[in-house]
Amino acid sequence: MAVKSFKGGANVPHFKSFTDDKEIEKMPTPDRVVIPMHQSFGDPCEPLVKVGDRVEVGQKIGDSSEFFSAPIHSSVNGVVEEIEVLPYCTGEDAKSIIIRVEGEDQEFKPTIKRNPEDMTREEIIEAIHQAGIVGMGGASFPTHINVNTKEPVEYLVLNGAECEPFLTCDHRTMVERADELVAGARILSSVIGARKCLIGIEVNKPDAIEALEERTKDDDLFEIVPLAVKYPQGFKSIMIKSTTGKDVRRGARSAEVGCIVRNVGTTVAVYEAVVYGKPLIERVVTVSGPTIPKPGNFMIKIGTPVGHIFDHCGVTDFNDATVILGGPMTGRAQHSMKAPIIKNSTGALLLPSEIVRASEPHENCVRCGKCVARCPMRLYPNQLSMLAEVEDYEGLEAWNVMDCMECGICVYSCPSNRPILEFIRHAKPIIKKMELARRGN
Ligand code: SF4
Ligand code: SF4
């Protein structure tokens with residue numbers, strides 16, 4: 001079995017054994033859900049409901065007339081209790097709809113069953129759009145825009161790397177939902193005109209490789225690509241390089257090198273949207289951490305507060321641990337138990353201080369070069385962090401800060417605990433505004 005890899009990156013501790021053998025369970029519905037109106041790359045949605053309105057599971061409750069956006073749906077039956085601006089999840093303020101749950105039955109009931117082979121390309125893309133499907137592995141790019149390519153694209157690359165420590169939701173999805181995943185991959189391949197669907201999986205998931213090899217062995221469309229266990233294997237440009245050997249040049253879109261990359265969870269969501277008209281109202285989330293009595297992989301409704309999740313998993317003592325939504329390398333620390341699961345929440349982690357170094361003070365750069373050696377984008381994270389510290393945005397631009405894919409391996413490597421990623425995330429929107437101002441927007 002030829003295992004593909006890439007230059008840079010590092011082996012990080014996995015911490016996956018807490019949950020990698022735990023089957024996906026349904027998380028009970030909370031009393032209230034908090035649904036932010038900004039859950040995708042691009043523009044936020046505006047609420048389509050008002051306080052006091054009754055809403056149903058799967059009902060569209062937010063939308064935008066802007067191009068870069070994806071609609072948002074209610075994950076529960078209930079009544080809109082409040083609409084307020086809350087600083088949840090992403091670190092930015094977002095208008096959020098708080099729904100009080102009413103009724104015992106909170107399941108989505110499909111009223112249609114479509115055969116994708118009887119649908120036109122436009123009808124499939126519209127079904128994906130109306131279901132609010134976005135990239136569920138982190139980037140949240142609206143899928144209907146991503147797959148609406150002008151020309152056929154050679155490769156559909158399915159991202160099953162799941163290289164971040166602790167996370168096992170994609171692993172379990174590949175093992176337990178292999179049929180839907182393969183069906184979703186066929187739909188996406190037909191939409192983009194792909195000649196080949198490459199499924200990249202790190203070799204620490206042999207059961208996922210086996211399940212997908214079994215389902216695809218008689219179909220030439222598919223090829224399973226075993227990948228080295230190395231962080232950040234699952235980032236888009238790395239995944240393209242590892243699976244196809246192609247380089248995505250700086251600033252280019254993956255379609256320009258003949259590839260569209262989709263996360264495995266997103267691909268299952270596409271299948272459900274196209275066949276059953278199911279909107280993205282729930283997702284598989286890994287709930288993990290060394291002190292959680294009952295960690296696991298759970299199907300959780302969008303908008304479920306982390307407090308409800310940890311309560312269900314038996315956590316009674318938070319003991320100064322840090323709550324993170326997403327993975328430990330790229331996720332965000334949360335400061336409220338009301339912070340909800342959103343469309344790209346891969347994990348809800350509770351990490352003790354010996355794992356999270358963010359609270360320790362940082363020191364000056366000692367020029368050890370570890371961050372430079374490991375940066376998969378061949379940037380100089382040491383230089384970027386120093387420029388960001390003195391707010392030299394022109395300098396940051398010149399040193400290509402916008403090429404940073406926010407993998408965090410530089411932070412992990414840094415003996416001075418420099419918050420390089422925090423600096424970069426702070427600087428990027430400012431540089432983006434500078435760029436727009438230069439173009440007269
Ligand atoms: S600078 Fe960006 S891309 Fe490079 S290692 Fe740091 S976070 Fe990753
Ligand atoms: S790893 Fe930290 S200390 Fe070493 S060069 Fe990079 S920023 Fe400086």
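What radius of gyration would a compact globule of 441 residues have, and what does the protein have? Here are some points on the model, which is a predicted one.

1. **Overall dimensions.** A compact globule with 441 residues would have a radius of gyration near 22 Å, and the protein has 21 Å, which agrees. The C-alpha trace spans about 60 × 50 × 50 Å along its principal axes. As for secondary structure, there are 13 helices and 17 strands.

2. Strand 9 (residues 155-160) runs parallel to strand 12 and is joined to it by five bridges. Within that pairing, Leu156 is placed opposite Ile260 of strand 12.

3. **Helix 4 against helix 7.** Helix 4 also packs with helix 7, at an angle of about 80 degrees and with the axes 8 Å apart. The two are therefore roughly perpendicular to each other. From helix 4 the contact takes Glu180, Leu181, Ala183, Gly184, Ala185, Ile187 and Leu188, while helix 7 brings Val264, Thr267, Val268, Val270, Tyr271 and Val274. Sorted by class, this contact of helix 4 with helix 7 has 10 nonpolar, two polar and one charged residues.

4. **Helix 3 against helix 7.** Helix 7 (residues 264-276) meets helix 3 (residues 169-176) as well: their axes come within 9 Å and cross at roughly 50 degrees. That angle makes helix 3 oblique to helix 7. On the helix 3 side you will find Cys169, Asp170, Thr173 and Met174, and on the helix 7 side Val264, Gly265 and Val268. The residues of this contact of helix 3 with helix 7 divide into four nonpolar, two polar and one charged. If you are looking at both contacts, Val264 and Val268 of helix 7 take part in the one with helix 4 and in the one with helix 3.

5. Strand 2 runs antiparallel to strand 8 (residues 94-101), and five bridges join them. Ile35 has Ile97 of strand 8 opposite it.

6. Strand 3 (residues 46-47) pairs with strand 5 (residues 60-63) in the antiparallel sense, over two bridges, and Gly62 in strand 5 is the bridge partner of Pro47. Strand 5 also pairs with strand 6 (residues 72-73), again antiparallel and over two bridges. There, Lys60 has His73 in strand 6 as its bridge partner.

7. Which residues come nearest to ligand 1? Out of 13 residues around ligand 1, they are Cys375, Pro381, Cys404, Cys407 and Cys410. Helix 12 (409-413) and helix 13 (420-438) each give at least two residues to this shell. By class, the shell around ligand 1 has 11 nonpolar residues, one polar and one charged.

8. **Surroundings of ligand 2.** Ligand 2 is surrounded by 15 residues, of which Cys365, Cys368, Cys371, Asn382 and Cys414 are the closest. At least two residues of this shell come from each of helix 9 (370-374) and helix 10 (381-389). Helix 10 has the largest share of the shell, three residues. The residues around ligand 2 divide into seven nonpolar, five polar and three charged.

Terms used
Residues numbered from 1 in each chain as written. Chains lettered and ligands numbered in written order. Predicted model: local features only at pLDDT ≥ 70, side-chain atom pairs only at ≥ 80, totals over all residues. Axes fitted to C-alpha atoms, helices over the stretch in contact; angles between N-to-C directions. Helix = DSSP H or I, 4+ residues; strand = E, 2+ residues; numbered from the N terminus. Parallel < 35°, antiparallel > 145°, perpendicular 65-115°, else oblique. Contact = placed C-beta atoms within 7 Å. Nonpolar A, V, L, I, M, F, W, Y, C, P; charged D, E, K, R; others polar. Near = placed C-beta within 6 Å. Pairing = 2+ DSSP bridges. Rg over C-alpha atoms; globule rule 2.2 N^0.38 Å.
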